[in-house]
Amino acid sequence: MTGDESVYELPPAPLRPAGHGVRLREWTVQDSAAMVALFDDPDIARFTPLRSPFDLEAAHDYLAKAFDHRAEGRRVQLAITVDGRTPLGEVVLFPNPDAPREAELGYTVGPAHRGRGLAARAVRVLAEYALRELAVRRVILRIEPENAPSNAVARAAGFVVAPDPPLHREIRGRPVTLLTWERYPQDEAPRG
């Protein structure tokens, strides 16, 4: 492989990027109850692969998998906070399995905290981190066209719809189509 094709390494813990009025931090076992309040929501169940209902058992399972993925260098799952403590949502960073020099992000915000721009700010912080510190070629989001709030987050975080073909997947037995949104380093954005 050439240097351009090699897979980047995810940063070691703890990762705490901040900016745009949010502070991201690693999840802890003490966050289990807060996760239930954030993730047990019909919209999250509809548009994400998170377990539903999302109860305390689901939170414990989710955290165990998150810690395993982190230890294996497969993904970084961060709580979205404004104070560095209280989780309001989550943003996730992982390598795109189809393109080794790309990072993919996922995100969600608890229902009580929506409408404050938290997701867009958290996505912006983590995308900027990946582009700058991990030197990825491109950061992507994959979103269902019908998910208007997530499409708005993508636009607000500086992403544009990519020319990539739509992806067809299945979430909880439901077929979904996902569009790819992209963001490049400012000096490498493709020209129209």
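**Why the aromatic and exposure labels apply**

Colleague: F54 and Y62 are both buried. What does buried mean here?

Modeller: Buried is under 20% relative accessible area, exposed over 50%, and partly exposed in between (1.4 Å probe, protein chains only). This is a predicted model: local features need pLDDT of at least 70, side-chain atom pairs count only at pLDDT 80 or more, and totals for chains, interfaces and linings use all residues. Residues are numbered from 1 along each chain as its sequence is written, and side-chain values use heavy atoms, with hydrogens and water left out.

Colleague: Why is A37 called exposed?

Modeller: Its relative accessibility is 57%. The cut-off is over 50%, so A37 counts as exposed. A37 sits in helix α1, residues 32-39 (a DSSP run of H or I, at least four residues, numbered from the N terminus).

Colleague: How many aromatic pairs are there in the whole structure?

Modeller: Four. Rings of Phe, Tyr and Trp (its six-membered ring) pair if their centres lie within 6.5 Å; planes under 30 degrees apart are stacked, over 60 edge-to-face, the rest tilted.

Colleague: What makes F39 and Y62 edge-to-face?

Modeller: Their centres are 5.8 Å apart and their planes at 70°. F39 is in helix α1 and Y62 in helix α3 (residues 56-71), so the pair ties together parts 23 residues apart in sequence.

Colleague: Why is the pair of F54 and Y62 called edge-to-face?

Modeller: The centres are 6.0 Å apart and the planes at 75°, so the label applies.

Colleague: Which residues form one aromatic cluster?

Modeller: W27, F39, F54 and Y62.

Note on methods:
Helix = DSSP H or I, 4+ residues; strand = E, 2+ residues; numbered from the N terminus.
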